[in-house]
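Please look over the model below before reading on. The paragraphs that follow begin at a single residue and then widen to the chain and its partner.

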Amino acid sequence: MSRTDERYNVKETETKWQQEWDRRDSFVATVDSSRPKYYVLEMFPYPSGRIHMGHVRNYALGDVVARYKRARGFNVLHPMGWDAFGLPAENAAIERGVHPAKWTRENIAAMREQLKSMGLSYDWGRELATCEPEYYRHEQKMFLDFLKAGLVYRKESWVNWDPVENTVLANEQVIDGRGWRSGALVEKRLLSQWFLKITAFADELLDSLKTLDRWPDRVRIMQENWIGRSEGARLTWNLKGRGDQLEIFTTRPDTLFGAAFLAISPNHPLAGELAAGNPALAEFIAECNRMGTSEAVVEAAEKKGMDTGIKALHPLVPGWELPVYVANFVLMEYGSGAIFGCPAHDQRDLDFARKYNLSVKPVVLPEGADPATFQIGDEAYSGDGTLFNSGFLDGLDVVTAKARANDRIETDGLGERTVNWRLRDWGVSRQRYWGCPIPIIHCDSCGPVPVPEADLPVRLPEDVSFDKPGNPLAHHPTWKDVACPCCGKPARRETDTFDTFFESSWYFARYCSPTRDDVAFDRAAADYWMAVDQYIGGIEHAVLHLLYSRFFTRALKACGYLGVSEPFAGLLTQGMVCHETYKDEAGAWLYPDEVIKAEAGGLIHAQTGKPVSLGRSEKMSKSKRNVVDPAHIIATYGADTARLFMLSDSPPERDLEWTEAGIDGAWRYVNRLWRLTIIAADTLPPPGSVMPELGDAATKLRRMTHKTIAAVAEDLDRFHFNKAVARIRELTNALGDFKPAAAGDYWVLRQGLEAAALLISPMMPHLAEEMWAELGHSVPVVDTAWPLADSSLLVEDSVTIAVQVNGKLRATIELPKDCDATLAEQTALAQDAVITAMSGKAPRKVVVVPNRIVNVVV
RNA sequence: GCCCCGGUGGUGAAAUGGUAGACACGCCUGACUCAAAAUCAGGUGCUGAGAGGCGUGCUGGUUCGAGUCCGGCCCGGGGCACCA
């Protein structure tokens, strides 16, 4: 059998190199202050049972960065672990009777094996799982330290309550206002819960966004909007016939003379008080409270209100009385839970005013409008203009009017300027079992008391049952019974656990010293490795996870744990992996491998032969069955093929469409590179031999090789992985077309193949190793430096310049690089096509952009 | 509802305001083969016989020149604080 008939044995090759990297400890990271460090991190997975294509994409991206930086001489830290607490484990326990701990640990074991088959360059010695006491003991300590530092407090807050299951529901478990399992109408309930003072860092979290110059702009904008700093005023209104007052927050004090009503949140204390003597109002508030706690639901609901009958007295105009409404769109969490409405200049207020027949008085006149006739129709006017109908504010622009109104509010003692934040403190209590126990003991005499540090960790008991609804920790027979650490009397443990965002807010730092039992972080290791140089994960985490981590890092710094403020210096957000959807005649979703193409065209069911309808491409999800199992793809085509496809077609930020054709194409490329290598291997001069004299074709190929080396590095530096792959494919095509004859040809061919192997190695590490070995190298790619381009081979001496007439392309001309503009202009004007297009007219203007374009304007 | 992002050939996509469609998939034609697969060679935005014309979701603007910048809209996606 000739070598050209040899098949690339994927399984054998991939296993062989994975074992070899393992044997060499290639990816074990150690602190080495003599080398520049580079910390690459992909968002760790929730151990749901099997890896999905989203994981494959995320980890393929991370591995390219890790291997590339490694080859470029960085001391790379690239760890992996498990975000192992969470609701799905409890759902599995309820639905299938498996203990969350068992379910989670088995899932981790299965997924670890799947990840290992991908050939990722992880330092597996640093693996962690957040559900183990060795991990969560440290966050219990952190919580107690935050408590000491004044960053923790307790307050009442609303939860979704399922009255049938007697359980708190997550927002995703509330569907159309009903519990997902019970179907019962959900109620809001107040519970006493623990909060972290993220708002103490609001200013800093906002300002520091500016320093995160390697984050996508859109993520920074989203965080900025989420934090939501707004300048305005607190303003007190007297209530007619009552001794008390109502405090509102407004960002538009300039529109005070256009006020039509006041509105308070259904959860405002005043609303509660009034409801006591007003059954209709009580029912309205109850209706609002049936909406659940989700802001999306509240905001999307029809805007409704109810007049309380109370009148508020306008603070600037004596005798002016305004109605006070309870309105479902006013959030108790924002500002003071009360607003004034100016319908003319706020769309939501306008809709409300039209609905309840309230007056609409414009007070800001757009430029050019006539004050005598200007009216508000269906659209509120929120732009700039000149104040009118506004007493002492008349004639001012909006910015000045705001300042003047605020001055008046302050001098008259009606209120004061204030900065309000949309950001709310982080409620971390969860009434769940599968999470980290909150290290607090409740004593009737002493109140909430921290668990003494010597008693940490508070371990999650594993002998629990899920037979009864509610939190198993709460009805465990003995676990919660303890003596009060202060007074020794019988007391109860806190049965709430932490929000699982708690664990993911510091795991990145734990990787620096994952085996230290005594402390969360070895300070020297954390100082060396932190911050994460490149963090990679889904855009869905743009706000919450990333903001909590930024806050947590600051809180840890304040408590002396760490030296950095920002955890992630660089961020890459990847798009989703999508697939077409299929339905059978009955409308049931079908898996892609149940569907085949019919000979007559169209799609049919593989078994039944019945027609299948094709739906649009959507994010892969179990519920729609449009999933492809990575394990199956890796077993069939190998990890390199799967990785290449993930990287080659779409840019990382964009959604990726998974197709059979795409994976086939990647597979063919793997074989093509392999064949190219083995056919040539025996004919080439030995590695490292001196360059012979080169002919024209060889010189051309050599230039292309060097250009590719330069371009790929540039593409990888900017995470343009798809372009890097395209360039390597171009080089591959050139190598395939090249017919070597002279000694120099073979030398250049070797150089080209070696470059191809090294350049593709971050994407397809196994194939690259195999090619490299075939080319006669004994030191593996993993220990070989990244190739460098010879810059003298990158410059061209001539360029193709486009010639336009009135912006339309009419010709292209070949000219020496950086040639004189006059030469470019004259050559352009001499072109037949240009002369024709000018149809005898004289050029009015000629725009010459050196080395690019000549545009003749006639 | 609010915030953010995206929309370019049959498909995934390239393109510092400067030749739209690099690279690939698919398809078509040919070579090899008894045949198929694989492989190799050529073609492939739409339209037109051709010269040419038209083309980056729609619409208006800025510019010598717009996929790229600005305004308005349509469609799709992410997030909205207890999914992770």
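In this predicted model, S265 has a relative accessibility of 1%, so S265 counts as buried. The residue sits in the loop that joins β10 (261-264) to α8 (269-275). A polar atom of the S265 side chain is 3.5 Å from the backbone nitrogen of M332. When neighbours within four places in sequence are set aside, the contacts of S265 are A271, V326, A327, V330, L331, M332 and G337.

L815 belongs to strand β33 (residues 808-816). Again leaving aside neighbours within four places in sequence, L815 touches D797, S798, V799, I801, L823, A824 and T827. V543 lies 272 residues away from L815 along the chain, and the two C-alpha atoms are 51 Å apart.

From these single positions we turn to the chain. Chain A has 858 residues, of which 52% are buried. Its secondary structure consists of 24 helices and 35 strands. The C-alpha atoms, taken along the principal axes, fill a box of roughly 105 × 85 × 65 Å. Among contacts in chain A with a separation of 6 or more, 71% are between residues 24 or more positions apart.

Which residues have the most contacts inside the largest nonpolar core? They are F143, L196, F521, W658 and M763, in a core of 175 residues. Another core, of 38 residues, lies apart from the largest one and has I264, L274, L316 and L387 among its members.

At the start of α16, the backbone nitrogen of A631 has a side-chain oxygen of D629 within 3.1 Å. After α16 comes G638, with a positive phi near 95°.

The remaining part of the picture is RNA strand B. There are 68 residues around RNA strand B, and those that come nearest are N225, R430, R432, K723 and K808. By class, this surface has 25 nonpolar, 18 polar and 25 charged residues. Helix α20 (residues 721-737) supplies the largest share of the surface, seven residues.

Which parts of RNA strand B do the atoms within 4 Å of the protein belong to? Sugar or phosphate accounts for 67% of them, and bases for the rest. For N171, a backbone N or O atom is 2.6 Å from a sugar or linking oxygen of RNA strand B. A polar side-chain atom of D737 is 3.4 Å from a phosphate oxygen of RNA strand B. For R424, a polar backbone atom lies 2.9 Å from a base nitrogen of RNA strand B.

Notes:
Residues numbered from 1 in each chain as written. Chains lettered and ligands numbered in written order. Predicted model: local features only at pLDDT ≥ 70, side-chain atom pairs only at ≥ 80, totals over all residues. Heavy atoms only, no water. Near = heavy atom within 4 Å. Polar contact = N/O pair within 3.5 Å; in protein donor to acceptor, adjacent residues only side chain to side chain. Helix = DSSP H or I, 4+ residues; strand = E, 2+ residues; numbered from the N terminus. Nonpolar A, V, L, I, M, F, W, Y, C, P; charged D, E, K, R; others polar. Core = buried A, V, L, I, M, F, W, Y, C linked by side-chain atoms within 4.5 Å. Buried < 20%, exposed > 50% of the residue type's maximum accessible area, 1.4 Å probe, protein only. Contact = heavy atoms within 4.5 Å.
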